[in-house]
Amino acid sequence: MTDLLDRAPRALGDASLRAMFAARKQVFVDLLKWDLPVLAGEYELDQFDDPDAEYLILLDAAGRHRASARLLKTDRPHLLGDLYPFLCAGAVPAGPTTREITRFCLDRHQSAADRRSARNQLVTALVEHALRERITDYTGVAELCWFAQILGFGWRCAPLGRAVEQSGRSLAALHIQIDNRSIDGLRHTGVYAPLTLQLAQEELGA
């Protein structure tokens, strides 16, 4: 907890990060009732929100959070490798060009149409970020209902093992391969969406 408090001033001093952590608390703690640490009663941060974490944050013209995702390096501690390796039938995919997508968050305070648009823009941003940064693979853990949507986005995505029931949630691990065909896959399913929201790429820094 001390380490988390040490990182808090940098995290909450940045407007886009502050908006994201507040939105994460509203979605994952208030709505979904996940048992997660909450800072100052308003912001959701955990042990993986460290200087190595990267964030893609979509903001509207007024700077309000609309969607975000956290990317964790897999050659260091991350959720799938450290907390959920049992979701994988084989070895947990890991390496310098593999990132784990975590805390995929769509803001609650927008219409269903705006949520879908924000989701599609964030998925597109994840693929474009991977191509730009030479990331070849994404992994993740998702509840089964959300996992079914992810499989249908049009990118090359497959389960890493069987779904497991844990604390009333059915969880599955996933593996997404990114290459020069990924954008065409998103276009084919109608998920591809050029950015109309503002993209902020953030890190907590050392």
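1. Leaving out residues up to four places away in sequence, T139 touches T74, L80, P93, T98, R99, E100, I101, L174 and H175. The model under discussion is a predicted one. T139 belongs to strand 6, and with a relative accessible area of 0% it falls under the 20% limit and therefore counts as buried.

2. The largest nonpolar core comprises 30 residues, and those with the most contacts inside it are I101, F104, L126, Y138, I150, W155 and I176. At least two residues of this core come from each of strand 3 (54–59), strand 4 (65–73), strand 5 (98–106), helix 4 (112–133), strand 6 (137–143), helix 5 (144–151), strand 9 (169–177) and helix 6 (182–189). The element that gives the most to this core is helix 4, with 6 residues.

3. L126, one of the residues with the most contacts inside the largest core, is in contact with L56, A69, L71, I101, F104 and Y138 once its neighbours within four places in sequence are set aside. Apart from this core lies another, of 23 residues, which includes L72, L80, Y84 and L160.

4. The length of helix 2 can be checked against its residue count: at 1.5 Å a residue, the 17 residues (15–31) should span 24 Å, and the end C-alpha atoms are 23 Å apart, which agrees. Within helix 2 the buried residues are S16, L17, M20, F21, A22, A23, R24, K25, V27, F28 and V29. As a general point when reading such a list, an α-helix has 3.6 residues a turn, so residues three or four places apart point the same way.

5. Two backbone angles deserve a look, because most residues other than glycine have a negative phi. Helix 2 is followed by K33, which is not a glycine and yet has a positive phi of about 65 degrees. K33 lies in the loop between helix 2 and strand 1 (38–39), and its relative accessibility of 64% is over the 50% limit, so K33 counts as exposed.

6. A40, also a residue other than glycine, has a positive phi near 55 degrees. A40 is found in the loop between strand 1 and strand 2 (43–44). Where does A40 stand on accessibility, buried or exposed? Its relative accessible area is 67%, and A40 is therefore exposed, this value being over 50%.

Methods. Residues numbered from 1 in each chain as written. Predicted model: local features only at pLDDT ≥ 70, side-chain atom pairs only at ≥ 80, totals over all residues. Heavy atoms only, no water. Helix = DSSP H or I, 4+ residues; strand = E, 2+ residues; numbered from the N terminus. Expected span 1.5 Å × (residues − 1). Buried < 20%, exposed > 50% of the residue type's maximum accessible area, 1.4 Å probe, protein only. Core = buried A, V, L, I, M, F, W, Y, C linked by side-chain atoms within 4.5 Å. Contact = heavy atoms within 4.5 Å.
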